[in-house]
Amino acid sequence: MVHALIVDDDPDSRNALAAMIAEDGLTTATASDLREARIQLVRQVPDVVFCDLYLPDGTGADLFEDLDPHQGVEFVIVTGRATVESAVDALKMGASDYLVKPVDLQRVKAILGRLPRTGDLKAGIGTLRGELRRMGRLGLMSGSSPAMQKIYAQIARVAPTALSVMLVGESGTGKEVAAQTLHQLSARNRHGFLAVNCGAISRNLIESEMFGHERGAFTGAERQHRGYFERANGGTLFLDEITEMPIGLQVKLLRVLETGMFMRVGTTAEISTDVRLIAATNRDPEKAVAEGKLRLDLYHRLNVVPISLPPLRERGNDIELLAQSFLDELNDQHGTKKHFPTAIKDTLLSYRWPGNVRELKNYVQRAYIMSRPDTHETAIVPVQISLDPFAVRSTVTIPFGTALEDVDRQLILATLEHCGGNRTRAAEVLGISLKTIYNQLSEYKANEKGKDEDAEMTKKGAV
């Protein structure tokens, strides 16, 4: 039977938590300080420890050091100080989660629900260590360069915890893959992983998509809709391009992170959720804060564990390794045995890959598709020559008093024209996501269609 140890110098808090845990069928032991806790550890090794951060004769970190890492004990910090500092302290001591007093019953149940059997946890730890020993892969991530080994160590350290992670890196560096790896190596991997691009959702619908809505909440809401926070309950929610989220919604997101509660649009009934949040951006987050794109309080809440993904040009021989893995996938899919000619290998290492891993994968696909069917070599195709954003010298004249919506529209369309219709490059020049470009263009097209229909109706009325 699963066994829990509760360590807290407050008898009321200790007994209340013990009662909650006993309801789930676990055996429990309690202690009021480190001395009593150590006695309990000798009597029976627990599967999970709920420990107050500060105790009369030490801290939770002191007790954690007494645990054998090979026993796979889940360690949860309980604290009355809900601060970023306390969360960081919990991470440093190796805690997998932390609770804020008064302890919420649903949060406790969520932790117990994620709790694997000790044998399964040991096996998971062994698998993780085995992957790290191979020095070339972790979860869905590939690469053996020193830059990636550093990333692997960070991800392996933080994955088992419940702390929020901020992934920062250029477009195409693999932020979503890193988020999926964090999810796979956590106790939440039995539940869902949902990825959301905040720049790809219309500003009119993003709150509904995040939190859901009730039937009749607004025009077109013909049925109840469960949002991302509700569907990701128990699992991981990945918010890509977090700086594209409207400021007003960032306030509500912060409240969910602090309380674990949210409301669907069109109701005042609160719903609890247990979600591990991973955010990502290709901007400098501190610059985004200064520009008003990201709230400072939300940034601090998300940035508990920052991980900066390196651009491909800084990963050395990983470029060739990744290119070969992409080619191997194509060979497996199509039953071929193609390989790169020497000329392509030279190109792979000499080009700077401004589009990073995504651009490399596209390049390998082009080389494969353009190859002749009667040869085992891929075709030699040119790399995509990127436009230097600093070389853009075209100007757009905006009359004083122009509405901001029209300013955005003129700037996006002019930049797209300057880039020869290349939407990816236009997004890079403007510093926004590609999906934001597609989203805006769709809105412009819909607006133009509406104007044409109005004009047609006016014309018919005149006749």
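Author: A crossing is called left-handed if the near helix is turned anticlockwise from the far one by less than a right angle, and right-handed if clockwise. The helices (H or I, at least four residues) and strands (E, at least two) are DSSP runs, numbered from the N terminus. By that convention, α17 passes α18 in a right-handed crossing.

Reader: Before we go on, what sort of model is this?

Author: This is a predicted model, in which local features need pLDDT of at least 70 and side-chain atom pairs count only at pLDDT 80 or more, while totals for chains, interfaces and linings use all residues. Residues are numbered from 1 along each chain as its sequence is written, and side-chain values use heavy atoms, with hydrogens and water left out.

Reader: OK, back to that pair: at what angle do α17 and α18 pack?

Author: Helix α17 (residues 404-418) and helix α18 (residues 423-430) pack at about 125°, with their axes 9 Å apart; the axes are lines fitted to C-alpha atoms, for helices over the stretch in contact, and angles run from 0 to 180 degrees between N-to-C directions. The two are therefore oblique to each other, given that angles under 35 degrees count as roughly parallel, over 145 as roughly antiparallel, 65 to 115 as roughly perpendicular and the rest as oblique.

Reader: Which residues of α17 and α18 make the contact?

Author: Leu 411, Ile 412, Thr 415 and Leu 416 come from α17, and Arg 423, Ala 426, Val 429 and Leu 430 from α18, where contact means heavy atoms within 4.5 Å.

Reader: And how do α14 and α15 cross?

Author: The crossing of α14 and α15 is right-handed. The axes of α14 (residues 318-334) and α15 (residues 342-350) come within 9 Å and cross at roughly 130°, and these helices are therefore oblique to each other.

Reader: Switching topic, is Ile 6 buried or exposed?

Author: Ile 6 is buried, with a relative accessible area of 1%; buried means under 20% relative accessible area, exposed over 50% and partly exposed in between (1.4 Å probe, protein chains only). Ile 6 lies in strand β1 (residues 3-7).

Reader: What is Ile 6 in contact with?

Author: Leaving aside neighbours within four places in sequence, the contacts of Ile 6 include Arg 14, Leu 17, Ile 21 and Phe 50. Ile 21 is 15 residues from Ile 6 in sequence and 9.6 Å away in space, C-alpha to C-alpha.

Reader: And how much of the protein chain counts as buried?

Author: Of its 463 residues, 45% count as buried, and the chain has 19 helices and 16 strands.
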